[in-house]
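Visitor: I like to know the rule behind every label. Could you walk me through this one, term by term?

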Amino acid sequence: MKVSMSALCGRSWRLIATARLVRIALMALFVNFVSIPAMAASVEMLMTSGCSCCHAWARHLRAAGHTVTAKNLSMGQLMRAKLDAGIPAMSTACHTARLDQYVIEGHVPVREIRRLLVERPDAIGLVVPRMPIGSPGMEAGNQRDAYDVMLIKRDGTMEIFERYPASQD
């Protein structure tokens with residue numbers, strides 16, 4: 001049986017392509033399943049005492065496997081901590097968290113925090129300005145305001161990291 005060189009090359013190419021696809025699939029499984037528990041890092045949350053939406057956001061993080069330590073500060077101390085961390089004054093919310101090398105400001109969904117930890121951009125962190133209804137910790141039934149999760153870059157500029165549309169109710 002005589003096999004042509006082109007047929008052999010075609011089979012080799014298909015084998016290499018299949019091996020690459022398997023390797024990509026395994027990497028995706030690793031990122032999505034194996035590393036998520038490893039990303040369940042400890043979170044330090046700075047807030048003012050008695051803020052129920054801050055406690056509700058912390059419950060979201062705990063449900064995702066994070067250990068959350070809340071530290072109550074006066075409003076002046078909290079604002080100073082936000083500004084010192086690089087959060088623009090116009091983008092502040094009710095709580096500020098520190099996770100790994102990043103700052104998380106406001107009601108940022110766990111999904112975007114995980115994405116931040118996987119992608120590891122050279123950034124200060126993520127912010128959801130103000131307190132949009134329907135964001136984690138600000139639930140109000142099926143109602144949800146449109147909001148953006150913003151990435152704060154090291155140079156102070158911001159870009160949209162993820163968009164959340166308003167509910168259609």
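Guide: Here are some labels, each set beside its rule.

Guide: This is a predicted model, in which local features need pLDDT of at least 70, side-chain atom pairs count only at pLDDT 80 or more, and totals for chains, interfaces and linings use all residues. Residues are numbered from 1 along each chain as its sequence is written, and side-chain values use heavy atoms, with hydrogens and water left out.

Visitor: Why is Cys53 called buried?

Guide: Buried means under 20% relative accessible area, while exposed means over 50% and partly exposed lies in between (1.4 Å probe, protein chains only). Cys53 has 8% relative accessibility, so Cys53 counts as buried. Cys94 is at 12%, and therefore counts as buried too.

Visitor: What keeps Cys53 from a bond with the closest cysteine sulfur?

Guide: A disulfide is a pair of cysteine sulfur atoms within 2.5 Å. The closest cysteine sulfur to that of Cys53 belongs to Cys51 and lies 3.4 Å away, so the two are too far apart for a bond. Cys94 is in no disulfide either: its nearest cysteine sulfur, in Cys53, is 3.5 Å away. By this rule the count of disulfides is zero.

Visitor: How do you know that E5 and E6 pair, and how many bridges join them?

Guide: Strands (E, at least two residues) and helices (H or I, at least four) are DSSP runs, numbered from the N terminus. Two strands pair if DSSP finds at least two bridges between them. E5 (residues 123–128) and E6 are joined by four bridges and run antiparallel, so they meet that rule. Leu126 has Leu151 of E6 as its bridge partner.

Visitor: How many bridges join E6 to E7?

Guide: Six bridges join E6 to E7 (residues 158–164), and these strands run antiparallel. Ile152 stands opposite Met158 in E7. The hairpin of E6 and E7 has four residues between the strands, and there Gly156 takes a positive phi near 90 degrees.

Visitor: What makes E6 mostly covered?

Guide: Strand E6 spans residues 147–153, and five of its seven residues are buried.

Visitor: What makes a set of residues a nonpolar core?

Guide: The residues are buried Ala, Val, Leu, Ile, Met, Phe, Trp, Tyr and Cys, joined through side-chain atoms within 4.5 Å. The largest such core has 30 residues, and Ile104, Ile113, Leu126 and Val149 have the most contacts inside it. Its largest share, five residues, comes from H2. A second, separate core of six residues includes Val103, Ile124, Val127 and Ile152.
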